[in-house]
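I set out to examine how the chains of this model are packed. My entries follow the order in which I looked things up.

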Amino acid sequence: MPVDAAAVHDQVVRAARGQGVDEVEAILATSNQALTRFANNAIHQNVAELSSTLSVRARIDGRTARASTNRLDSDAIRDVVEQAIAITRLTEPDEESLPLAEPAEYRKVDRWSEATAQVTPHERARAVAEAIAAVESAGQTAAGIYSTDANEFTLLNSRGIHAHYRETMARFSITAMADGSSGWAKTSACDHRGMNPLELALSAARKTTQSAAPRELPAGRYTVILEPAAVLDLAGQMFGDFSATAIRDGRSFLNDRIGKQIFGENITIHDDAWHPLQAGAPFDGEGVPRQRLTLVESGVVREIAYCRQAAAKAGVAATGHGFPLPNEYGEAPANIVIAGGDSSVEQMLASTERGILVTRLWYIREVDPYEKIFTGMTRDGTFLVEGGQVTAGVRNFRFNQGLMEMLSNVEALSPAVRASGEETFDMVVPAMKIRGFNFTEVTRF
Amino acid sequence: MKDLALRALDAVTRGGVTYADVRAIDTREREVSTKNGKAGNVSSSESQGIGIRVLAFGCWGFAATSDVSKEGIEAAAALAVEIARAGTTAKKHDVVLAPEEKYEATWVSPCVIDPFTIPVDRNLATLLAIDRELRRDAAISLAEASISFTRERQVFASTIGSLIDQTRTTSGAGFSALCYKDGEIQKRSYPNSFGGQFQLKGYELIDELDLASHAPRIAEEAIALHSADQCPEGTFDLIVDSSQLGLQIHESIGHPIELDRVLGTEANYAGMSFLTLDQLRRLRYGSDIVNVVCDARLEHGPGLGTFAFDDEGVPAQGTDIIRAGEFTGYMTSRETAAAVGETRSNGCMRADGWARLPLIRMTNVSLQPGEQSLDEVFGADHAIYMETNRSWSIDDKRYNFQFGCEIAWEMRNGKRVRMLKNPSYSGISTEFWNACVAIAGREHWTLWGVPNCGKGQPEQVMGTGHGASPSRFRNIKIGSAYAG
């Protein structure tokens, strides 16, 4: 469904001017997404979606509001502009409201693979069938997904911003299951040819075999080795707090902690939209170019994200991390890179006298917003490490763990990789060996 | 829209299919929020599209498009068939559907006041009045309030001849007050956390909630929590308010009874269920006073899971899930009903809009009212009473859960003796429900809406309903969230 963004924008601007409104912003997004889902060693849900959305924001005398539609005919475009203007006029003016953003230069990124955009249902099915066969030959049952997405969006405003971004993204994840045990693996890549579904299937099957007849260990504090997906899903919960608006609201755990050492000296974290393993646009929801941020340097909180409004309030430059307006949340880093180390997971295991190897964490929720304590479960591959090697699978634990404590107790880091989980967005993170991880309960499997 | 649905059905039928259904959907939404005395999010949206589901070559195929031109529909229909054909590459058996009748019906959910006739400035005035009450004490660093409305019209057409036109209007509203001071964040919400209350109603819901009158108390409690004692660790009798119990039902009963989870089709993401097929009519799920139904019918109430037909054209039904403590039923679909010996689906297939495939989803999964008075529920010698969810987590087979609440009180002989902060409780689902010793009656029963239930890949977000009244549970593990 090719859409001429410039022509749509011209119609938006003309319709707005016809209503006496000069400041208008349009976001036009098109999406072509397909997903092949399998379970019980067969494809069972197999879907595709083609969609377009036009979202229009008007700004009138310090007021602003947004209206959206997925119809792109002339009448619909005129209607959505009129709707945006009508509801904008009914809102209250905000003295902190800023004029629309000015045009800017964007550092280019190329995250589009035409081959990935053209993957067919049959190609996905063949890869899935091969992965299923690998798990099935181990006497196990497979479930998972293979998806390919092609997304494109353009942000334009009446001050001349024309920001365009397109990205393809492929994902493969698989759970292998046997009586009493399971294993999981997942990956994502802008080019599907960078994924190896068969390798992931074999890895999941190995974990399932290795964790057969899991032992029950008592809850307590253990040395853990968190694989990258587990690090991602837990550490990834905190980055919404690296936000000037969150700090101003009093909802961030970084209130009164900026410039302080809150993690170990081996923890350094950047927000970097141009990292080769990252994905996402090089501009934010208002069209402001993203800046690279040093969020944490050797355990000390250094920088936070500022949307334009928060930046103006603080007298600093916007960092290009704002959400589309209007919103209550302001901004957040979106391209997290946690610096890795030089240890491999195998070396972490070899150096561990007694500990727990964790593949994946699940259902992670915040227990305490200022101490940044989270609860959740281990899942699909939890192992006892004794004398430097994996000796058994263990029943899954519930944890209640503070992130500041956790990231102060990191004993070793692997090189950082692009990790994909289910609890937060993809990031570039290492595996970590952590002492004193707080498991508080054990479940039944 | 009927023409659109029938054109799409015609297009896909020409492709040679065993079965097909089409959902043409038109959705309109409005969200209005305020934050610290200003407008927050003010937005409206509309979305129109069509989802085409086919059963061909023994496999499912599904394609959805927002391009409802003749060419767009035909392309989606052809893609759905092609996707089904691709499924044969990894097929174990042909999909077989339980029989269902043909229906022609039009149904519109009750809506006394059309929320879209209420202007945005009146929405904002309502929220800003709440905001003023919340921020009377400067200790409140963040006051947020929100209202949202959705109207979805869906025309369902299938190759068995059904043509069902349904329109559902839902509304929601709520507010919260956050206080940060002295290295601690405390928050209170009303009438529930994470957006408030949501029901299948029009603007009358907003009037009924009488939000502003509760704002002063909520703000005071957020501040008072800073000087409250930490909730103790240990084993106590636990009294849970109805909103928290609604979420407890959702997590520890609603998800485990989804038959697709039981059969393994959600294993890679949402997980499976401890309720294996051998547990049906054998498991003591709860104590004798625990009765739970899954009921999508209007007579159950205006829930987010109330409708006339599900998204594969099966009429809304009521199913006993737990009867006098015994586990008696799952939520099923036309594809899965036979797995539990049923000849017909009990109507729980629901999809998140036109772009998503129907899945087994909760409708209204509710704990039936008990026979105790509120005094009897609160009448324990010593108990902890918790209100309003703050965090929730449960394992991927739904055994072990942990919930945190915004506020608690230590109770002695029915009286509140001290406020407690950071309360939490945990346990195993069936042990928890078997520890239920008192459930308050119908007059204290509320049908809560959970608007954000996630499931499926690609993920779908669904609204579900959960009726509950305040209840008491014996010897529950409390305080483990802060243990260690």
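I began with the nonpolar core, which I took as a set of buried Ala, Val, Leu, Ile, Met, Phe, Trp, Tyr and Cys residues joined through C-beta atoms within 7 Å. I counted a residue as buried if 20 or more other C-beta atoms lie within 10 Å of its own, as exposed if 12 or fewer do, and as partly exposed in between, with C-beta atoms placed from the backbone.

The model is predicted, so local features need pLDDT of at least 70 and side-chain atom pairs count only at pLDDT 80 or more, while totals for chains, interfaces and linings use all residues. Residues are numbered from 1 along each chain as its sequence is written, and chains are lettered from A and ligands numbered from 1 in the order in which they are written.

**Core.** I found 283 residues in the largest nonpolar core, and B:A8, B:V12, B:I52, B:A80, B:L238 and B:I384 have the most contacts inside it. Helix α2 (residues 70–87) of chain B contributes the most, nine residues; helices (H or I, at least four residues) and strands (E, at least two) are DSSP runs numbered from the N terminus.

I then looked up B:L238, taking contact to be C-beta atoms, placed from the backbone, within 7 Å. Beyond its neighbours within four places in sequence, B:L238 touches B:A383, B:I384, B:M386, B:Y425, B:F473, B:I476 and B:I478.

**Chain A against chain B.** I noted 77 residues of chain A in contact with 71 residues of chain B. On the chain A side, strand β2 (residues 42–60) supplies the largest share, eleven residues. That side divides into 30 nonpolar, 28 polar and 19 charged residues; Ala, Val, Leu, Ile, Met, Phe, Trp, Tyr, Cys and Pro count as nonpolar, Asp, Glu, Lys and Arg as charged, and the others, Gly among them, as polar.

Helix α4 (residues 121–136) of chain A packs with α2(B) at about 20 degrees, their axes 9 Å apart. Axes are lines fitted to C-alpha atoms, for helices over the stretch in contact, and angles run from 0 to 180 degrees between N-to-C directions. I therefore recorded α4(A) and α2(B) as roughly parallel (angles under 35 degrees; over 145 is roughly antiparallel, 65 to 115 roughly perpendicular, the rest oblique). The contact joins A:P121, A:H122 and A:A125 of α4(A) to B:E82, B:I83, B:A86 and B:G87 of α2(B).

Technical notes:
Contact = placed C-beta atoms within 7 Å.
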